[in-house]
Structures are given as structure tokens and as C-alpha cells.
Amino acid sequence: MPVTDAAKKRAPALPPPKLTYHRLRKLVHFGCFLGFLALPFFDLMRFDIPRQRFYFAGYELWISEFAIIFFALMFLMFLVIGSSVFYGRVYCGYMCPQMIFSEASITLQNRLRRWINKHFFQWPAKQREIATHVVFLAVLAPVSVFLAFAFISYFVPPRDLFSRLLAFDLHTAGGISGAAVTLITFLDFTLVRQRFCTTVCPYGYLQGILGDDNTLLVHYRDEGRACIECKKCVRVCHMGIDIRNSPFQIECVHCGECIDACVDVLGRLGKPGLIHYTWGEHGETVGGKEPWYRRVGLRDAKRVIVLVILLCYGSGLFVALSMRRPVLVQISPVRATLYRLDGSQVYNKFHYSIANRGHARAAVVFSIDQLTAAHLTIAQNPVPVAEGQTVQGDFEIARPLAAAKEEVEHFRIAANPVAGGAGDQFPMTFLSPPQRSSQ
């Protein structure tokens, strides 16, 4: 067959991209899934409701440490805001657990359907579809239990939750919550899936407020009218939209699947794709020859301010965590009785509270500084404290009445950990009876 002139003039096909957005998304999905499991089990971020603890970056924060918890929550909040201002709905397409698990459930169902159609092709189509649905539900049931277990582990210690699961606990708050989350997860992955993103999730609507002309989005550009109407970009879209209509559709999660589809089809014709990641509707496409700070999203003063605020909260959080002591000691005088006399001795009473916020046993030794001829009267010194426990008690400081020069004398009580580390100094006052001059 002779070669036509049109075939001779046809442009050679463009080489396929080394890394498609689909492959990148799946790698990010897998990493996020591992992170979803690791956060509660390694105490990287977890709210322990029964014990009133907040675990962050390996630190066990008590409810009394509100300043650190405040910095942690503000940092996470501005991290979400900053990612929305810079990169739009990329979180939805790449890191949102709802999207990750919804796509995984759809992929599982499609693979089961292909497997059953391949191995049981002699069955009627309706029976094969019923078999696919039954097998899918049978696989999804234990998966829902596992995911619910991982989610509840953010609020209940995993070891405690596992014992409740083995005992089929349905009468305590943890057991009831686990059963409810399992049911919700099962219904979500069978009935709701991406409908959640367009009906319930507020993040897409919030993004409409946070985004501007420099926010990253997926944009269709066809000034030369090169579109061949293959509609593969529509077929691969998980949200069922046509990106050519608008880049601001609330259903669009900026996943980039349509970019891969357009590059794949037009690349076979020797043409570049028509859909791109761009900085705003009229901005440059991602990957252009720009300074590094513009390539990462620092394109105006607004983004610099957001980044500075994020760095301030992150620095404050880092400083607060670095200054945190695993053993917290508090001492206060007991002034229900100003002092107690016993012969030639005068006694002042004090109350102590020792909170061991670390992961090992600790002990604190008390001592007196700047108060002559005084000694402690305490049940045991040093005072042992088990990990995660708070010990409270009282002690007295005794002093000869003859050594009292004034009615109120200032001194310090030192509290030092036995295992080493920084101790605390507490300024206190010692009260004595008034000295009467002899007539």
C-alpha cells in the first residue's frame, strides 16, 4: 500500500512522560495511608480522651499544657490554610483520606468484577454482577473494621481498643464508637464515596474563599483549537466532570488525571497536552522557567505573609516543646494555719504536686536554700513518681524559734530530678511568730 503524503507529514509521537500524575498520586496515597496508620500507633498525633492527653510529635502533652496544645493546633490550622492558598484543592486529590479510600474501594470493586468476568464468563451477566457485589461486600467488611480501629485509635489507646475489639465490647463508649464508625465506614465505601466531596465536605466551599488569581489549579487551554473531542479527560475523571467547562467547578479536586489523559492522547499525534497545572486561571503553567520561589508558589506578598505566620507558629511550637520538662513540679504554701509551734521549733506547711509526663519512672528530691537552721519533714525524700502519674502530698519545714530573725523571711525550695536534668527553684516565705521585746 503506498504511503500517502498526509502520513509522511504526520508529526512523530511525543515521548511519554517519565512520571504521570496518576502514578504520583498513588505514591502519595500510599504514603498518606502509612501515615494514617502510624500517627496514632507511634503517638505522633493522637487525642487520648480517657486519660485527657494530647500526643504530638512523640510528646505526651497534658491538658494543663494548654500553651503547647494551642501552638500545635494553630500550626495545623495555618498549615491547612496555607496549603489551600498556595495549592488549592490538591489536598483533596492527593492526601484526603476520604478520596484515598473511596478510590481504593472503586478500584477493588472493578478488579473483582474483571476477575469474576474472566474466570466465570460462562455465568449470566446478572449472576456475575451479583457475585461481584457479594465478594466486594465480604472483603469490605473486615477492611471497614480495620480502618475504624485505626480511626478510633486517635482517641482511645490502641492496646485498650484492641482488647475491647477481641471482647466484642458494645456496652462502653469505646466499643459503641468503634461499632458506629465501622458501620459508617462500610456505608461510606459502598454508597457514598465521592458524593461526600460534593455534598457534605466543606473544604471545597472553603477553597472558593481562600483561593485567588495565584492559586494552583487544573486549567484547560486551547487557543489553537487543537482538541480532537476524544473526551478521555471526561472518562478518567473520578468526579464525573468535564474540565473544559471551567477550572472552578466545585467537584474538581485537581487530581491531574485529566492532564495525563490529554497528554497520552495528543502525544500520540505529536502534540502537547491542552490541560495543565497553572498558577491561577491566567498564570503560568507549572514547570516553567521561573525563579525557584515562584515555582513553589511564593508569587505575591499574601503568600509570603501566610508563610511567615506559619513559620512563627511552627517556631513557637518548636521552642515550647524544647523547653518542656518531662517532670513538672508545683509547690504552694498551706496557709490555713500560718505556722505551728512545737516546743522550740516553728513549722510551716507546704503542698507539692509532681506530674511525671515522661515515659520512665522519675524521682524528685527537695532541698532548702537561703534559710538557716531549717530542715524538711517529709515522708520520703526523694519522692518517686511512676510514668504518666501525678503524686501530691504535704511536707513541713521546721526551724528553731531562736533562729527566726524576722516574722517573714524569704527563701527558696529546690526540686531536682534524681536522674539529672534541670531542676526548679520556688521562691517561698517562712512565717514565724512575732518577736516581743523584753520589758
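Helices (H or I, at least four residues) and strands (E, at least two) are taken here as DSSP runs, numbered from the N terminus. The exercises below concern a predicted model.

**Exercise 1. Overall form**

Task: State how many helices and strands the protein has, and set its radius of gyration against that of a compact globule of 439 residues.

Solution. 
- Step 1. The protein contains 14 helices and 14 strands.
- Step 2. For 439 residues, a compact globule would have a radius of gyration near 22 Å, whereas the value for the protein is 33 Å.
- Step 3. The extents of the C-alpha trace along the principal axes are about 135 × 55 × 35 Å.
- Step 4. Of the 439 residues, 39% are buried.
- Step 5. Among contacts with a separation of 6 or more, 67% are between residues 24 or more positions apart.

**Exercise 2. The largest pocket**

Task: Give the volume of the largest pocket, and describe its lining by residue, by element and by class.

Solution. 
- Step 1. The volume of the largest pocket is about 1,500 Å³.
- Step 2. Its lining consists of 35 residues, and those nearest the centre are Phe-36, Tyr-91, Met-95, Cys-96 and Pro-97.
- Step 3. Elements giving two or more residues to this lining include helix H2 (21–41), strand S1 (45–48), helix H3 (66–87) and helix H4 (90–94).
- Step 4. Sorted by class, the lining of the largest pocket has 29 nonpolar, four polar and two charged residues.

**Exercise 3. Two cavities**

Solution. 
- Step 1. There are two cavities of 30 Å³ or more.
- Step 2. The largest cavity has a volume of about 110 Å³. It is lined by 15 residues, with Cys-227, Cys-230, Lys-231, Cys-233 and Cys-262 nearest its centre.
- Step 3. Helix H11 (232–235) and helix H12 (257–267) are the elements that give two or more residues to the lining of the largest cavity. H12 gives the most, four residues.
- Step 4. By class, the lining of the largest cavity has eleven nonpolar residues, no polar ones and four charged.
- Step 5. The second largest cavity has a volume of about 100 Å³. Of the 13 residues that line it, Cys-237, Ile-241, Cys-252, Cys-255 and Cys-258 lie nearest its centre.
- Step 6. The lining of the second largest cavity has ten nonpolar, two polar and one charged residues.

**Exercise 4. Backbone in the loops**

Task: Which residues does a cis peptide bond join, and where do Asp-43 and Ala-373 lie?

Solution. 
- Step 1. The cis peptide bond is between Asn-381 and Pro-382, with omega about 15°. Pro-382 is in the loop between strand S10 (375–377) and S11.
- Step 2. Asp-43 has a positive phi, near 55°, although not a glycine. Its position is the loop between H2 and S1.
- Step 3. Ala-373, likewise a residue other than glycine, has a positive phi near 60°. Ala-373 lies in the loop between S9 and S10.

**Exercise 5. Ser-64**

Task: Decide whether Ser-64 is buried or exposed.

Solution. 
- Step 1. Ser-64 is located in the loop between strand S3 (59–62) and H3.
- Step 2. The cut-off for exposed is over 50% relative accessible area.
- Step 3. The relative accessible area of Ser-64 is 56%, so Ser-64 is exposed.
- Step 4. From Ser-64 to Gly-211 there are 147 residues in sequence and 37 Å in space, C-alpha to C-alpha.

Conventions
Residues are numbered from 1 along each chain as its sequence is written. This is a predicted model: local features need pLDDT of at least 70, side-chain atom pairs count only at pLDDT 80 or more; totals for chains, interfaces and linings use all residues. Side-chain values use heavy atoms; hydrogens and water are left out. On a 1 Å grid over the protein atoms alone, a cavity is a set of points where a 1.4 Å probe fits but cannot get out, and a pocket is an open set with protein on both sides within 12 Å along at least five of seven lines; lining residues have an atom within 4 Å of a point. Grid points are joined across faces, edges and corners, and a volume is the space filled by probe spheres set on the points. Ala, Val, Leu, Ile, Met, Phe, Trp, Tyr, Cys and Pro count as nonpolar, Asp, Glu, Lys and Arg as charged, and the others, Gly among them, as polar. The radius of gyration is taken over C-alpha atoms; the globule rule is 2.2 Å times the number of residues to the power 0.38. Buried means under 20% relative accessible area, exposed over 50%, partly exposed in between (1.4 Å probe, protein chains only). Contact means heavy atoms within 4.5 Å.
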